[in-house]
Amino acid sequence: MRFERLDLVAYGRFADRRLVFSPAAALHVVLGRNEAGKTTTLEAIKDFLFRIETRTSYAFEHGYDALRIGAAIAFADGERLEARRRKGNANTLVDEANKPVAEDRLAHALAGLNRKSFETEFGLSQLTLRE
């Protein structure tokens, strides 16, 4: 599974921001100045994959009901998923028309990976690198 694109539709201090990832890259490293949005981007990826946490700290500008993260993901078998994640208790993965998208394809690609293991294995930050 590979992120092709991440859309910070309304998340943290960002609105309508799009990050496009190179399909040819073996590894993506996000660099930037302090307060540029590196941690916010990492949290958005986790929230897209594993749902926006109940008490998220990323609703300070847009509010809980407005939070949205979009993504385009390519799977190993060539299939793609284009969806948005909204904050809520059920049916939080939606298409462009806000109709629910089944979570099973994403869950299958994650193969049992949870938020904590993702943070440990893939979501390295300055703090986790030091540890």
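**Reading the sheet and its surroundings**

Analyst: Strands β1 and β2 pair in the antiparallel sense over six bridges, where strands are DSSP runs of E of at least two residues, helices are runs of H or I of at least four, both numbered from the N terminus, and two strands pair if DSSP finds at least two bridges between them. This is a predicted model, in which local features need pLDDT of at least 70 and side-chain atom pairs count only at pLDDT 80 or more, while totals for chains, interfaces and linings use all residues. Residues are numbered from 1 along each chain as its sequence is written, and side-chain values use heavy atoms, with hydrogens and water left out.

User: In what order do the five strands form the open sheet?

Analyst: Strands of a sheet pair through backbone hydrogen bonds, either parallel or antiparallel. Here the order is β2-β1-β3-β4-β5, with antiparallel pairing; β2 and β5 stand at the edges with a single partner strand each, so one side of each is left without a neighbour in the sheet. Within the sheet, L6 stands opposite L19 in β2, and seven bridges join β3 to β4, where A71 has A83 as its bridge partner.

User: Is R85 buried or exposed?

Analyst: Buried means under 20% relative accessible area, exposed over 50%, and partly exposed in between, with a 1.4 Å probe and protein chains only. R85 counts as buried because its relative accessibility is 0%, whereas E103 is partly exposed at 23%.

User: Which residues make the nonpolar surface patch?

Analyst: Patches are made of residues with over 30% relative accessible area and no salt bridge, like charges being joined within 9 Å and nonpolar side chains (Val, Leu, Ile, Met, Phe, Trp, Tyr) within 5 Å; accessible areas come from the Shrake-Rupley method with a 1.4 Å probe, and for residues only the protein chains shown count as cover. L27, V29 and L31 make a patch of about 390 Å². L27 is exposed at 66%, as is V29 at 59%, and V29 lies in the loop between β2 and α1.

Technical notes
Salt bridge = Lys/Arg side-chain N within 4 Å of Asp/Glu carboxyl O.
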